[in-house]
Amino acid sequence: METSSDVSRQELDKQLSFALYGATGRMIRLHKPFLEPLGLTFPQYLVMVELLDRSPRSVGELGARVGMDTGTITPLVKRLEQSGLVTRQRDTHDERRVLVNLTPEGAALREGVWAVPKQIITACKITDAQAEELRAILDSMGQSAEV
């Protein structure tokens, strides 16, 4: 005989939000052994990916790209600066903006940072095609859910 708590648990297990939340935590933890040799945390890795793609970038632009508010991205960028991976400088055209640029030490992480996605796909035991399909689904969900 099923109790109401059994039914509730089954309903919770069916909720997409619970599965996504759990998967997010597992994915972040999965990155740890690949990022530790680079001296990066997962949030720092996200910022470095953006900067390796194009820099300099404003703190606000970086925050928007990685989904962090100013109160989160600013201390993260400061820690990257203290590590010698980035520099911060006021925009000469707009004093309100702070530009973040890679140092030579930060740029030297390029190969290691770019290797992480393939390492993750291998660790997840999925194909490139499956990873692309999952990414497309998640991207479309995010776009349709934005208010």
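Buried means under 20% relative accessible area, exposed means over 50%, and partly exposed lies in between, computed with a 1.4 Å probe on protein chains only. By these cut-offs Arg97 is partly exposed, at 36%.

This is a predicted model, in which local features need pLDDT of at least 70 and side-chain atom pairs count only at pLDDT 80 or more, while totals for chains, interfaces and linings use all residues. Residues are numbered from 1 along each chain as its sequence is written, and side-chain values use heavy atoms, with hydrogens and water left out.

Side chains of opposite charge can pair when their charged atoms come close. A salt bridge here is a side-chain nitrogen of Lys or Arg within 4 Å of a carboxyl oxygen of Asp or Glu. The count by this rule is ten salt bridges. The table gives some of them.

| Salt bridge | Closest N and O atoms |
|---|---|
| Asp91 and Arg97 | 3.0 Å |
| Lys118 and Asp128 | 3.2 Å |

Arg97 has Asp91 as its salt-bridge partner, and Asp91 is buried, with a relative accessible area of 9%.

Lys118 and Asp128 form a salt bridge. Lys118 lies in helix H7 (residues 110-124) and Asp128 in helix H8 (residues 128-145), so this pair ties together parts that are ten residues apart in sequence. Helices are DSSP runs of H or I with at least four residues, numbered from the N terminus. Lys118 is partly exposed at 46%, and Asp128 is partly exposed at 44%.

Shared partners link Glu50, Arg54, Arg57, Glu61 and Arg65 into one network of salt bridges. Within this group, Glu61 is partly exposed at 26%, and Arg54 is partly exposed at 43%.

Conventions:
Helices (H or I, at least four residues) and strands (E, at least two) are DSSP runs, numbered from the N terminus.
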